[in-house]
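Dear colleague,

Please find below the structure that I am handing over to you. My notes on what was found in it follow directly after.

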Amino acid sequence: MFLEDYKDCECIVFAMGCFWGAERKFWTESGVVSTAVGYAGGHLNNPTYQDVCTGMTGHTEGVLLLLDSKSYSLSSLLSVFWESHDPQRISPNASMQHRPQ
């Protein structure tokens, strides 16, 4: 795909704990063109895994969704988020990058 293939796309980021499990929940949703994982927020540019694991960078793990602006439902995406994420059930031992945003 080339950049012009994405001209009608929009992006959204969800942070709901560990990004590996979270990313796959969106793969089959209507209108999701692509997904990517990374770190959101924080105050350090281009942090490494080791940087984020210190808990000192302020980052959290996030899932970026590239969406076809004509065929996605924000309501459906939010349903996936809330059905998969309960901020009340975050483990007290969870590392900083796994906290909800």
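F14 and F26 are both buried (buried is under 20% relative accessible area, exposed is over 50%, and partly exposed lies in between, with a 1.4 Å probe and protein chains only). Please note that the model is predicted: local features need pLDDT of at least 70, side-chain atom pairs count only at pLDDT 80 or more, and totals for chains, interfaces and linings use all residues. Residues are numbered from 1 along each chain as its sequence is written, and side-chain values use heavy atoms, without hydrogens or water.

Overall arrangement

The chain contains three helices and three strands (DSSP runs of H or I with at least four residues, and of E with at least two, numbered from the N terminus). Along the sequence these elements follow the pattern β-α-β-α-β-α. Of the chain's 101 residues, 28% count as buried.

Strand 1 pairs with strand 3 in the antiparallel sense over six bridges (pairing requires at least two DSSP bridges between the strands). Strand 2 also pairs with strand 3, in the antiparallel sense and over nine bridges.

The aromatic side chains

A search of the whole structure gives three aromatic pairs (Phe, Tyr or Trp rings, the six-membered one for Trp, with centres within 6.5 Å; stacked under 30 degrees between planes, edge-to-face over 60, otherwise tilted). One of them joins F14 to F26: their ring centres are 5.1 Å apart and their planes meet at 15 degrees, so this pair is stacked. It links distant parts of the chain, since F14 belongs to strand 1 (residues 9-14) and F26 to helix 1 (residues 19-26), 12 residues apart.

Another pair is formed by F81 and W82, with ring centres 4.7 Å apart and planes at 80 degrees, which makes it edge-to-face. Which of these two residues is buried and which is exposed? F81 is buried, because its relative accessible area is 7%, whereas W82 counts as exposed at 53% relative accessibility. Taken together, ring pairs link F14, F26, F81 and W82 into a cluster.

W82 and its surroundings

W82 lies in helix 3, which spans residues 74-84. With L74 and L78, W82 makes a nonpolar surface patch of about 300 Å² (residues with over 30% relative accessible area and no salt bridge, nonpolar side chains being joined within 5 Å and like charges within 9 Å; areas by Shrake-Rupley with a 1.4 Å probe, counting only the protein chains shown as cover for residues).

The salt bridge

The structure holds one salt bridge (a Lys or Arg side-chain nitrogen within 4 Å of an Asp or Glu carboxyl oxygen). In it, the side chains of K70 and D8 meet at 3.4 Å, N to O. This pair links distant parts of the chain: K70 sits in the loop between strand 3 (59-68) and helix 3, while D8 is in the segment before strand 1, 62 residues away. K70 is exposed, with a relative accessible area of 66%, and D8 counts as partly exposed at 38%.

Cysteines

How many disulfides does the rule give? The count is zero (a disulfide needs two cysteine sulfur atoms within 2.5 Å). C11 is in no disulfide, as the nearest cysteine sulfur, that of C9, is 7.5 Å away. C11 counts as exposed at 55% relative accessibility, and C53 as partly exposed at 36%.

A backbone detail

Finally, N46 has a phi near 50 degrees, a positive value in a residue other than glycine. N46 is located in the loop between strand 2 (32-41) and helix 2 (49-53). At 74% relative accessibility, this residue counts as exposed.

With kind regards
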